[in-house]
Structures are given as C-alpha cells and as structure tokens.
Amino acid sequence: MESRFDLSAPLDLGGKRFVRNEGKPVCIRCHSKFCANSCAECHRPISVESKELSHKGRHWHEECFRCAKCYKPLAKEPFSTKDDRIMCGKCCSREDAPRCHGCYKSILAGTETVEYKGNSWHDDCFTCYSCKQPIGSQSFLSKGSDVYCSPCYDKKFAKLCFSCKKPITSGGVTYQDEPWHGHCFVCTSCSKPLAGFKFTKHQDQVFCVDCFKNCVAKKCSGCQNPITGFGKGVNVVKYEGGSWHEYCFNCKRCSISLANKRFVTDGNDILCPDCGNK
C-alpha cells in the first residue's frame, strides 16, 4: 500500500494559498474542485489539507480508510482486499472460512467442527433434530435430511419388542406379525432362544421341540411317544379321548392303517371291519 499525506506543500503568494499542479500554481479552492482525487469511500474530494491514502489506483481520506465489514480504521493497520473491498485480517479470514450448515456463520480456523455428507457444522450446531442437544462424539442416525441421537431415533422410529416393550435397534424376530428381540423370543419352559430353530405353539405360548415333547404334547395311544406335529405323520387321529399318530392308528390284529377308514372296536382294541367280523 502506498500512502501520501501531502500532495505538495502549499505556497503563500500574495496572501493566498496555492499548490502546484503539473508545475502550475493552483489555488486551494480550485485544486479541490478540479484537481483533487475523490475518496473511494465517501466520494468527496481529498483536499491538500487532508491526509490521503492510496492503494492500487484508488484514494481515501485517512479517516475513510476502514474495514468494509467491521469499520475498523486501517490507516496504520495491516489489511487485505477481497472483491475490491478493504478488510482487516480478521474479517478477511472470516470471509474465506467455510460456513456452518446449521447457523450459516463462518467456521474459523481451530474451531471444533463436525463433517457429515460434505457439509460442516460448528460442534454446538450439529444437534439432534428431536431433542436439540449437541450430538458431539455420540453415535447418531439419520432419517431423510434430519439427524437424531440414538435414544431419540429409537424412541421415534424403532419397533418395540412385543415382550419387553423396549426398542429393537438391530436384528429381531417377527412372529405372528409382532416384533421381538432375538433374546426375548424364547421357549416358555426352558427359556432357550428360538430364533433359527423349530418351535411350536400351545395355548398362546411357544415351546422348543424338546420341551413340547416332554411337557406339553399328548402321548400317542398306540406307541406312547409324544405327538408333536413334527417329522413323520404330522396328522393326528382322535377317538374317545385318545390320540394317535396317523401311522399308529392301525388294526390291532392285521396292522392295516385305519386312518380315514371305517373301523370297529373290541374292548380297548381298534379293529378293521374284516378282523372285527372274525
């Protein structure tokens, strides 16, 4: 920056003050009107009696040479230019700094920030959309363009376990259109987790295969083994309070299968019609 405080020393000729302009004497009044530089800030002439500052072909009164942002006087201070504006170093740094995606103010060097999806936030401006608290170093989840801390996201969007009524944050099991934590969906009898294993239902309760066999299932009146509905012979034959595997409901004498066929009884024995008539 160039500065000039006196265009030339005023001359006193015959009681009137003059200055030289291109070697010719000019009175102060005419110099201010026709020859003086105009101030780039206030656009008034800079008289020879004022201190003048110059920079890159532009001129200022000393008192007009100020930061375009904070108006700090810069006649004796370092300054920078941006888009033909004169700015102090601090304002110029702010002007060039990235903008916070939350408050849209400058993020100055050394400030703690959060970077997410190509945008920057002041640490205090990156907040949960629901509770408005700064997320900081906590984990968070997004929904559309909004971010949530984990507790608020679970409260607002996560499914609740049918058993414990707490949010299901990952995994889970669906049974009869109801969501369950994997560790909550267990056998009613032994509490063994049932996710990924065979199970059955009895009176609105679920059981693993072993517990259903040992604790719940009726015994076959033929083989005395549990009727589970699993494996061979899933169909059951019931007669006068007794239950049979389909493959066990046979004629007592000839062993022919009587499932879905006519039969007769002889005491506690089930017989086919042919054996019953002998």
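Author: The loop in question runs between α3 and β13 (173-175), and K165 is placed in it. Helices are DSSP runs of H or I with at least four residues and strands are runs of E with at least two, both numbered from the N terminus. The model is predicted, so local features need pLDDT of at least 70 and side-chain atom pairs count only at pLDDT 80 or more, whereas totals for chains, interfaces and linings use all residues. Residues are numbered from 1 along each chain as its sequence is written, and side-chain values use heavy atoms, with hydrogens and water left out.

K165 is not a glycine, yet has a positive phi of about 65°. Its relative accessibility of 52% makes K165 exposed; the term means over 50% relative accessible area, while buried means under 20% and partly exposed lies in between (1.4 Å probe, protein chains only). N260, in the loop between β18 (242-245) and β19 (264-266), likewise has a positive phi of about 65° without being a glycine. N260 is exposed as well, at 78% relative accessibility.

Within α3, S150, C152, Y153 and D154 are buried. The buried residues of this helix pack against β11 (140-143) and β12 (146-149). D154 also touches P167 and T169, leaving aside residues up to four places away in sequence; such a contact means heavy atoms within 4.5 Å. Although buried, D154 has no salt bridge, and K143, the nearest side chain of opposite charge, is 11 Å away. A salt bridge would need a side-chain nitrogen of Lys or Arg within 4 Å of a carboxyl oxygen of Asp or Glu. For charge, Lys and Arg count as positive and Asp and Glu as negative, with His and the chain ends not counted.

The wider chain gives the setting. Five helices and 20 strands occur in the protein chain, and 29% of its 278 residues count as buried. The chain exposes about 18600 Å², of which carbon and sulfur atoms supply 47%; accessible areas come from the Shrake-Rupley method with a 1.4 Å probe, and for residues only the protein chains shown count as cover.

The structure holds zero disulfides, a disulfide being a pair of cysteine sulfur atoms within 2.5 Å. The closest cysteine sulfur to that of C223 is in C248, 3.8 Å away and too far for a bond. C251 is in no disulfide either, and the nearest cysteine sulfur, that of C254, is 3.6 Å away. C223 is partly exposed, with a relative accessible area of 30%, whereas C251 is buried at 3%.
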